[in-house]
Amino acid sequence: MVSKLRLLFDRFTLILIAVVTAATLLPAHGQGAVFFHWLTTVAIALLFFMHGAKLSREAIIAGATHWRLHGVIFIWTFVIFPVLGWAMRPVLLPLLGEPLYVGVLYLCVLPGTVQSAIAFTSIARGNVPAAVCAASASSIIGIVITPLLLQLLLETDTSALDSTSLLQSILRIGQQIFLPFVAGHLMRPLIGRWMDRHRPLVTKVDQSSILLVVYTAFSESVVAGLWSQVDTLSLAWLIVSCCVLLAIVLVLNTWSTRRLGFNRQDEITIVFCGSKKSMATGVPMAGVLFSASAIGPVLLPLMIFHQIQLMVCAVLAQHYQRQDGQHAKAPHECGA
């Protein structure tokens, strides 16, 4: 399963690079840009409708009761990650420049992933019901808290943000992401069984919507002069910065989880749900929060971090899976 998952990510990475190249060489103009904008909006709504429909009420109840685990994941996602991004400013700002650094901050305040966090938790044999609840709650909470955190970390420097007010941005994000999610969950009694039988369809819609948004966003940014703002050296430093950020989070996350006394299944859930950032939520949200000229540099850190986290977590999940046989006969620690 791990090999198939890694193969899928490899293909998606290549397709993502191809889409960015296409947007660079053949950006959408005029009526074409309008068409892709509306197509992307429909694709995003469909994506979150399907995510809402596949989430069972039983999974929500089973996972929601583990409040201590969810509290730790919340702290890593919306407290420690943003603090790390803000603390690294003296180093990252001279290396990356302000547009890319704003993208790193945006990456740090995003909610965690849903699909891949649950998939990796399942492969590593962690607490899957808690992962489903934690990942889904992170996406929902992020609709409100991500814009607030970004505004706080940018302080008085709000030049990268669009002219719409913070409240208007939150309402637009809720309309585009939260309402389709709720509608999908309410429709689960009617379409839930069909969704369970066609789970690969959610993956295809997920990836297709991301590709559409990336093409549309990068087209706008290329027209606005994206690649004249980002040089090769800055891009190389950005890759290094994303690797360092992920390494710090994974090491500290694993260490702190063990120090807090969580059992092995919960440790796996916290590591995978607390160290990942959502591209499926972050890309459409950026279209609401940032202007066309700023969205390209803002999305670059997220795209790079997303691919790195998938590759690293695939290896980490395989490592946990190999260790599972060694822990199977040992008595588990008391659940937290």
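The model is a predicted one, with 16 helices and 0 strands. Its mean pLDDT is 78, and 78% of the residues reach 70 or more. Of the 336 residues in the protein, 53% are buried.

**Overall build**

- Helices number 16 here, while the count of strands is 0.
- Taking contacts between residues at least 6 apart in sequence, 88% of them join residues at least 24 apart.
- The protein exposes about 15,400 Å², and carbon and sulfur atoms supply 69% of that area.

- Confidence is highest in helix H13 (residues 232-259), with a mean of 94, and lowest in helix H3 (residues 57-64), with a mean of 61.
- Over residues 156-160 the pLDDT falls below 50, and this stretch has 8 contacts in the model beyond near neighbours in sequence.
- Residues 330-336 also stay under 50 in pLDDT. For that stretch, the model has 10 contacts beyond four places in sequence.

**The nonpolar core**

- The largest nonpolar core holds 89 residues, and the members that touch the most others are Tyr106, Leu245 and Phe290.
- Helix H16 (residues 292-327) gives the most to this core, contributing 15 residues.

**Helix H4, a bent helix**

- Helix H4 covers residues 67-87, which is 21 residues. At 1.5 Å a residue it should span 30 Å, and its end C-alpha atoms are 28 Å apart, so the two values agree.
- H4 bends by about 35° at Trp76, and Trp76 is itself one of the buried residues of this helix.
- Other buried residues in H4 include Leu69, Val72 and Ile73, along with Phe78, Phe81 and Leu84. His70, Thr77, Pro82 and Gly85 are buried too.
- As background, an α-helix has 3.6 residues a turn, so residues three or four places apart point the same way.

- Ile270 is found in helix H14 (residues 264-274), and it counts as buried because its relative accessibility is 0%.
- Ile270 and Ala117 are 153 residues apart in sequence, yet their C-alpha atoms are 9.7 Å apart in space.

- Thr121 sits in helix H7 (residues 115-123) and counts as buried, because its relative accessibility is 0%.
- Not counting residues up to four places away in sequence, the contacts of Thr121 are Gly126, Asn127, Val128, Ala131, Ile268, Thr269 and Phe272.
- Arg125 lies in the loop between H7 and helix H8 (128-154). Its relative accessibility is 41%, so Arg125 counts as partly exposed.
- Arg125 has a positive phi of about 65°, although it is not a glycine. That backbone angle may be a handy one to look up in the viewer.

- Ser241 is in helix H13 and is buried, with a relative accessible area of 9%. Setting aside neighbours within four places in sequence, Ser241 is in contact with Leu92 and Leu96.
- Cys243 is also placed in helix H13, but at 36% relative accessibility Cys243 counts as partly exposed.
- The C-alpha atoms of Cys243 and Phe305 are separated by 7.4 Å, although these residues are 62 apart along the chain.

- With a relative accessibility of 0%, Leu302 counts as buried.
- Beyond residues up to four places away in sequence, Leu302 touches Leu107, Leu110, Ser278, Met279, Gly282 and Val283.
- One of these contacts, Val283, is 19 residues from Leu302 in sequence and 8.3 Å away in space, C-alpha to C-alpha.

Conventions. Residues numbered from 1 in each chain as written. Predicted model: local features only at pLDDT ≥ 70, side-chain atom pairs only at ≥ 80, totals over all residues. Heavy atoms only, no water. Helix = DSSP H or I, 4+ residues; strand = E, 2+ residues; numbered from the N terminus. Expected span 1.5 Å × (residues − 1). Bend = angle between axes of the 7 residues up to and from the residue. Buried < 20%, exposed > 50% of the residue type's maximum accessible area, 1.4 Å probe, protein only. Contact = heavy atoms within 4.5 Å. Areas by Shrake-Rupley, 256 points an atom, 1.4 Å probe, with all protein chains shown as cover. Core = buried A, V, L, I, M, F, W, Y, C linked by side-chain atoms within 4.5 Å. pLDDT = per-residue confidence, 0-100.
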